[in-house]
Amino acid sequence: MKTFGGPVLFLDRADINTDEIIPAKYLTEITKEDLKPYILEDLKLPGFDPKGPKTKAARVIVSRGNFGCGSSREHAPWVFEVNGITAVIAESFARIFRQNMFNCGMAAIELPKADLDQIFSHSNDDDAAMTLDIEAQTLTMSGGGKQKTFKFEISQFDKALVLAGGWVDYADKKY
Amino acid sequence: MGKTTAEKIFASHLVDEPFAGTKVLKLDVVMCHEITTPIAIADLMARGKDRVFSASNIKAVVDHVTPSKDTKTATQAKILRDWARRHNIKDFFDIGANGVCHALFPEKGFIRPGYTVIMGDSHTCTHGAFGAFAAGVGTTDLEVGILKGVCAFREPKTIRFNLNGTLPKGVYAKDAILHVIGLIGVNGATDRVMEFRGPVVDAMTMESRMTLCNMAIEAGGTSGICMPDMVTVDFLWPFIKDEYASKEAALAAFKEWCSDDDAVYDQVLNIDLSNLEPTITFGYKPDQVKPVSEIAGEAVDQVYIGSCTNGRLEDLRIAAQILKGKKIAPNVRGILSPATPHIYQEAMKEGLIDIFMDAGFCVTNPTCGACLGMSNGVLADGEVCASTTNRNFMGRMGKGGMVHLMSPATSAATAIEGKIADPRKYL
């Protein structure tokens, strides 16, 4: 069983792009770890502080539609990974970002707007946290004394990549 | 039931279907640049798999920051250079021969109809102009591509865009694609191939078709695709003349890749461009577009002509036609980056570089430079750039900077006036 989870960082806006997640000027770094301080540096969102405690504590990001649009830079999933964030939940993803997440053995989970609205209702709860079970395809949102479990769809291929730990190991064994 | 071009390419390149809806394809070309490839190389080395699936099907270029601007970018270039030497990758383009990847590789004749192409660069969709399936990927997909020559994709769905009518004077491929993105939105084609058809596309040069396909990713599209025709054959002829008895024979072979008349599309959109005005972006998303007349007069600090979208010879000719005999406004910095050394040389021979320099432009070497805020023309906080590039995200060309995307013609007119200007009065 592969599970992800922990404190949630809420980013309540559609079309959050890869330049906002990791600006191009840091693409000169050649190790993932060196990207760590620059997470979401250029994202302007009311109440959001890229260097704040909520960003540091986060293990899951929840956002809206078309998350990760723009550049092919895998530095975007990597900067999440080195900051301990291994899952992003959103209404939809840009193709390359979504695949990059699964290719790294992380999760990019799509949920319908109604489910996301319920999840966003926890955005002011200090104890907002989420647990994802990739095998069972469920995620449980908790906070403010409440808890609710949601089912999600994930392709068999993407699931296999997460369970294999990523595309390189999967492909090298198989092709 | 007929097939689309993408479906034909998928069927002919299928290596495996590990799960329903997931297709693992054999790759014809894997392209590499120095920003996203060095980490793939480092990871392959760390895994003890410093191999390549084919030295001849891999093409590499140093283009994003060149000449290197500091130790880090010099190291990135060195990792790519050393790797290319180690694996005998002959099609490696270093300083003196390097240009913007999506302009350089087509110019070398590397892309053919029916090919599968990946690169760790989102604008790889450009190469669909040749009737190829060309997609941008991340570093891990690139790494597997380098190692195994395969890549996995979801089953392709295609949106067909019939671009009808004829483009009016002063309106170009860039205006057409900005208009299309404005219609369908920045995620209007996510997980879809954007097939561009109709009389407007038929009348376009390969350069214009590349501009069209280049921005498919800005609508979320996996690839843009144009149907191969005699324009495609003419462009590729110097590279294929030994493979086909005649241009007609090449055309017949290429036509096999065209979508069938009874192909099934996810969606078909009919768009008449006969009354399209020069179109530009006004916000921080590529779908925030307006006719230039609605925004004309807004001041800019910099005009940038170049990039994989609009740094080709055709683009330089259009801009030079407007700039000839004129000076750019004193409040504006004009930057021209011809996209490849060949384009640069041809532009010199035609006198275009003189026109740009006489007008007051700074002419830089071919590089991706300012487009993504990495080198050669980064903006200061609060500055505004009129640009022929493809992406206008907040801070794209430098933190706090604002970018308006537009055609080379609109950029040239804007440079002259020092504020956003309609190019039609200069034509």
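This is a predicted model: local features need pLDDT of at least 70, side-chain atom pairs count only at pLDDT 80 or more; totals for chains, interfaces and linings use all residues.
Residues are numbered from 1 along each chain as its sequence is written, chains are lettered from A and ligands numbered from 1 in the order in which they are written, and side-chain values use heavy atoms, with hydrogens and water left out.

**View 1. Domains of chain B.** The domain assignment, which is automatic or taken from a database, divides chain B into domain 1 (5-154), domain 2 (157-272) and domain 3 (281-426). Between the C-alpha centres of domain 1 and domain 3 of chain B the separation is 28 Å. Their contact (heavy atoms within 4.5 Å) takes 19 residues from domain 1 of chain B and 18 residues from domain 3 of chain B.

View 2. B:Val201 belongs to helix H7 (residues 199-202) of chain B, where helices (H or I, at least four residues) and strands (E, at least two) are DSSP runs numbered from the N terminus. Because its relative accessibility is 2%, B:Val201 counts as buried, a term that means under 20% relative accessible area, with exposed over 50% and partly exposed in between (1.4 Å probe, protein chains only). Neighbours within four places in sequence aside, B:Val201 is in contact with B:Leu163, B:Phe196, B:Arg209, B:Leu212 and B:Cys226. B:Asn162 is 39 residues from B:Val201 in sequence, and the two are 8.6 Å apart in space, C-alpha to C-alpha.

**View 3. Helix H3 of chain A and its packing partners.** Helix H3 (residues 75-82) of chain A is mostly covered, with 7 of its 8 residues buried; these are A:His75, A:Ala76, A:Pro77, A:Trp78, A:Val79, A:Phe80 and A:Val82. Within chain A, the buried residues of H3(A) pack against helix H1 (18-21), strand E2 (60-62), strand E3 (87-90) and helix H4 (95-103), and in chain B they pack against helix H2 (37-46) and helix H5 (139-148).

**View 4. Contact of helices H12 and H15 of chain B.** The axes of helix H12 (residues 313-323) and helix H15 (residues 408-417) of chain B, come within 8 Å and cross at roughly 30°. H12(B) is therefore roughly parallel to H15(B), as angles under 35 degrees count as roughly parallel, over 145 as roughly antiparallel, 65 to 115 as roughly perpendicular and the rest as oblique. H12(B) contributes B:Asp315, B:Ile318, B:Ala319, B:Ile322 and B:Leu323 to the contact, and H15(B) contributes B:Pro408, B:Ala409, B:Ala412, B:Ala413 and B:Ile416.

Note on methods: Axes are lines fitted to C-alpha atoms, for helices over the stretch in contact, and angles run from 0 to 180 degrees between N-to-C directions.
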